[in-house]
Amino acid sequence: MFEIIESLKAPWAWYVAGAVIGLIVPALLIIGNKTFGLSSNLRHICAACFPANIKFFKYNWKNELWNLFFVAGIMIGAFIATHYLSNSNAIIINENLKSTLTNLGITDFQHLMPSELFSFNSLSSIRGFVLMVVGGFLVGFGTRYANGCTSGHAIMGLSNLQWPSLVATICFMLGGFIMTNFILPFILQFN
Amino acid sequence: MSNHTQPMNDIKLDETSACINHSEKKESIFSLVKYAFIGMLFGIVFVKAEIISWFRIQEMFKFQSFHMFGVIGTAVTVGIISVAIIKKYNIKTIQGEKIIIVPKPFTKGQIYGSLLFGLGWAMTGACPGPIFAQIGSGLMSGFVILASALLGTWTYGFFQEKLPH
């Protein structure tokens, strides 16, 4: 029993995580005919809280309550995993990435996010503000423009062999590749 | 790739991204708790497989680690097999309804939007699911990213009819 708990506390392997995520697709279909997709929740929250008489937000978001329950579950699960299923070991990071980031003054490798970039304090630095606020804006704007995110297109859409989702997934990856390799090294210099 | 014909052309864009695929049956608040349970499992995986880590996303886009490719690749494989089984054996929902997956129609917005999304994904290290997991995990930056993402979605809604699709 002790060993099971200890192995649950170590970081989970990609095939375990991938299998669980993949099984969410049939689980949602079977328990309620729901297609997996998380970004619509951003729209539902806008529709519920700030509809502002915009046509795009005029629909009955209450029909989509199941998805808001789903994200509430994500928050609870993340809380449980962080507080009851984690060990104190630092996250293992590729050495090349470590040295690149160290050169840019990012040295907090203890947690899932480097505190030099992602914290309330770093909001006052140019790079912290750009990463969190501009980055977050692009996520919210892009996902709605694309009509789906990594879950709705890359997982659900590809599971159903929809070619538009393949186009979207390739573009997600291309955008991420361009940002990480060509734009981020520039942004990260502005401490 | 799609084995569906696309009967969607006459459906306006704002009707395609939400509210088209839910069960006919109304569910009580109590019944909705089952979605929270599945979400909870997902949230645990997000944290335990470090999918919400900015470092993991950086490693992926720098091709320095196989981890995220493995996660996404396995998830898609399991998803494809599951959906194929559901279709082949005509598996019904637990309420006895036929399972319907309405395909998303292609628009050029998927190219523009997906590229913008990819930029934001690499900056924040978070797509919409992990944003909520970051908050649950106690990362305060998650609130900032969520607020910005909501503003982005709202801005899209505001300009939707003027944007090329």
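What share of the contacts in chain A with a separation of 6 or more comes from residues 24 or more positions apart? My notes start there and then move to the partner chain and the interface.

1. **Chain A overall.** In this predicted model, residues 24 or more positions apart account for 46% of the chain A contacts with a separation of 6 or more. The chain has 8 helices and 0 strands, which reads along the sequence as α-α-α-α-α-α-α-α. Of its 191 residues, 52% are buried. The C-alpha trace of chain A spans about 50 × 50 × 35 Å along its principal axes.

2. **Chain B overall.** Here the count is 7 helices and 0 strands, giving the pattern α-α-α-α-α-α-α. Chain B has 165 residues, and 50% of them count as buried. Take the contacts in chain B between residues at least 6 apart in sequence: 58% of those join residues at least 24 apart.

3. **Confidence.** The predictor assigns the complex an ipTM of 0.95 and a pTM of 0.91. For chain B the average pLDDT is 88, with 85% of the residues scoring at least 70. Where pLDDT is low, the predicted coordinates should not be read in detail.

4. **The interface.** On the chain B side, 114 residues are in contact with 115 residues of chain A. The elements of chain B that give two or more residues to this side are α1 (13–16), α2 (29–48), α3 (54–61), α4 (67–88), α5 (109–124), α6 and α7. The largest share, 17 residues, comes from α2(B). By class, the side of chain B that touches chain A divides into 64 nonpolar, 41 polar and 9 charged residues.

5. **α3(B), enclosed.** 8 of the 8 residues of α3(B) are buried, so the helix is largely enclosed by the rest of the structure. The buried set runs Trp54(B), Phe55(B), Arg56(B), Ile57(B), Gln58(B), Glu59(B), Met60(B) and Phe61(B). What do they pack against? Both chains take part: α5 (95–103) and α8 (163–187) of chain A, together with α4 and α5 of chain B. After α3(B) comes Phe63(B), with a positive phi near 55°.

6. **α7(B) against chain A.** How are helix α3 (residues 40–49) of chain A and α7(B) arranged? Their axes come within 9 Å and cross at roughly 75°. Angles from 65 to 115 degrees count as roughly perpendicular, and α3(A) and α7(B) are therefore roughly perpendicular to each other. From α3(A) the contact uses Leu42(A), Arg43(A), Ile45(A) and Cys46(A), while α7(B) supplies Ala149(B), Leu150(B), Thr153(B), Trp154(B) and Gly157(B). That contact has 6 nonpolar, 2 polar and 1 charged residues.

7. **α7(B) against α6(B).** Within chain B, helix α6 (residues 128–136) and helix α7 (residues 141–159) pack at an angle of about 145°, their axes 8 Å apart. The crossing of α6(B) past α7(B) is left-handed. On the α6(B) side, Pro128(B), Ile131(B), Gln134(B) and Ile135(B) make the contact; on the α7(B) side, Ser141(B), Gly142(B), Phe143(B), Ile145(B), Leu146(B) and Ala149(B) do. The residues of this contact are 7 nonpolar, 3 polar and no charged. Note Ala149(B), which is part of the contact with α6(B) and also of the contact with α3(A).

8. **Two asparagines in chain A.** Asn33(A) has a positive phi of about 60° although it is not a glycine, and so does Asn53(A), again at about 60°. Asn33(A) lies in the loop between α2 (14–32) and α3 of chain A, whereas Asn53(A) lies in the loop between α3 and α4 (65–84) of chain A. Which of the two is buried and which exposed? Asn33(A) counts as buried because 21 other C-beta atoms lie within 10 Å, the cut-off being 20 or more. Asn53(A) counts as exposed because it has 6 other C-beta atoms within 10 Å, and the limit for exposed is 12 or fewer.

How values were computed. Residues are numbered from 1 along each chain as its sequence is written. Chains are lettered from A and ligands numbered from 1 in the order in which they are written. This is a predicted model: local features need pLDDT of at least 70, side-chain atom pairs count only at pLDDT 80 or more; totals for chains, interfaces and linings use all residues. Axes are lines fitted to C-alpha atoms, for helices over the stretch in contact, and angles run from 0 to 180 degrees between N-to-C directions. Helices (H or I, at least four residues) and strands (E, at least two) are DSSP runs, numbered from the N terminus. A crossing is left-handed if the near helix is turned anticlockwise from the far one by less than a right angle, and right-handed if clockwise. Two residues are in contact if their C-beta atoms, placed from the backbone, lie within 7 Å. Ala, Val, Leu, Ile, Met, Phe, Trp, Tyr, Cys and Pro count as nonpolar, Asp, Glu, Lys and Arg as charged, and the others, Gly among them, as polar. Angles under 35 degrees count as roughly parallel, over 145 as roughly antiparallel, 65 to 115 as roughly perpendicular and the rest as oblique. pLDDT is the predictor's confidence in each residue, from 0 to 100.
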